[in-house]
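Please walk through this structure with the sequence and the model side by side. The text takes its pockets in turn and then one end of the chain.

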Amino acid sequence: MLTLEKFEEASEVVQNVTLETKLRYSEYFTEQTGNRVWFKPENLQYTGAYKVRGAYYKISTLSEEERSRGLITASAGNHAQGVAYAAKIFGCKAVIVMPTTTPLIKINRTKSYGAEVVLYGNVYDESYDYAMKLAEEEGYTFIHPFNDLDVAAGQGSIAMEIVKELPTVDYILCPIGGGGLCAGVSTLAKMLNPKIKVIGVEPEGANCMQKSIENGEVTTLPNVNTIADGTAVKTPGDEVFPYIRDNVDEIITVADDELIGAFLDMIENHKMVVENSGLLTVAALKHLNVKGKKVVAILSGGNMDVITMSSVVQHGLIQRGRIFTVSVLLPDKPGELVKVASVIADQKGNVVKLEHNQFVSINRNSAVELRITLESFGHEHKNQILQALEENGYRPKLVKPNL
């Protein structure tokens, strides 16, 4: 069982491998939400995520014989690094099975800790099945990423640190994938102060825990579809499910589009890279139907590869109207491009890209299509530019940006 004594032991043990992630007050989100908001930045851990806590504590409870057989786990990335790093400290072999869709940064970092990486399956659940098969064939000791009470106790050390630093916290927002983190955090938070509200947050496309709570039993989703790869789990853990059922006050789901906006908010206002699963709690801040409360949002990880990062930034800028592409038809004669450029310049629009096609029509009065990708200050500024083009007779049409 998850007891206060176990949590106290785990909190002490994990200090051997964790960096101190002090709460960070957010003026931006405090103003946006009407609550006093702090972040628990586990994205700044040495392995880039909180997962090292549960992995290290679990391995510390194993016998020498269990460790000597070698460790194996399945993970979308962050638990993989936690197990690999902890195994390195304990001096034992680690084999990590990861989905084929795992970002390269997570694969390379896992290998850098000395672990053997096996890529198998498209989602975590398929990787898990293969890891269990290898464990049986090779005699490895399996370290579950979430469905293990020792692992959950290690993750719960986060709640211990939050309450010690901010004893009067009202709400803790916690991401949910399989449920290990939320089980540990919610259970310990309630033990320390039953008045603390714990809100679990899942992506809309992978809300296995929400469905399980609604059905009163562990429920498997037919499929998952989310950019939050670290929480893309079909089936939550049956060991941790009762703790979440009993200790989590509410589960909120957020859309992928909200995670894109949250990424921009964290980069621009807090100068922090937070991966999509870690952004669940950031996006959920705007869903809280309370005011004037002290809220801590757990940023669970920051292991995002640069290709994903660039894509999220581009989509975020488009989503907020700060990048857009407009198509206009011009007469095929000299000087027309200058006229369009002048209209845009007068509105303080910044041209990012131009595409000039003279062969869209044989009508020389509207023979040239000009596609202009622009940077603006947001939707209001974008609409001002479009209105100015309209007033000058260009009949602008928004098209999908091709960046």
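Which strand gives the largest share of the lining of the second largest pocket? Strand 11, residues 323–330, does so with three residues; strands (E, at least two residues) and helices (H or I, at least four) are DSSP runs numbered from the N terminus. This is a predicted model, in which local features need pLDDT of at least 70, side-chain atom pairs count only at pLDDT 80 or more, and totals for chains, interfaces and linings use all residues. Residues are numbered from 1 along each chain as its sequence is written, and side-chain values use heavy atoms, with hydrogens and water left out.

The lining of the second largest pocket consists of Ser327, Val328, Leu329, Glu369, Gly393, Tyr394, Arg395 and Lys397. A pocket is an open set of points on a 1 Å grid over the protein atoms alone, where a 1.4 Å probe fits, with protein on both sides within 12 Å along at least five of seven lines; lining residues have an atom within 4 Å of a point.

The largest pocket is lined by 14 residues, and those closest to its centre are Gln15, Glu20, Met160, Glu161 and Lys164. Helix 1 (4–13) and helix 8 (149–165) each supply at least two lining residues, and helix 8 gives the most, with four.

Met1 lies in the segment before helix 1. Met1 is exposed, with a relative accessible area of 76%; exposed means over 50%, with a 1.4 Å probe and protein chains only. Leaving aside residues up to four places away in sequence, Met1 touches Lys6, Leu149 and Tyr243, where contact means heavy atoms within 4.5 Å.

How values were computed: Buried means under 20% relative accessible area, exposed over 50%, partly exposed in between (1.4 Å probe, protein chains only).
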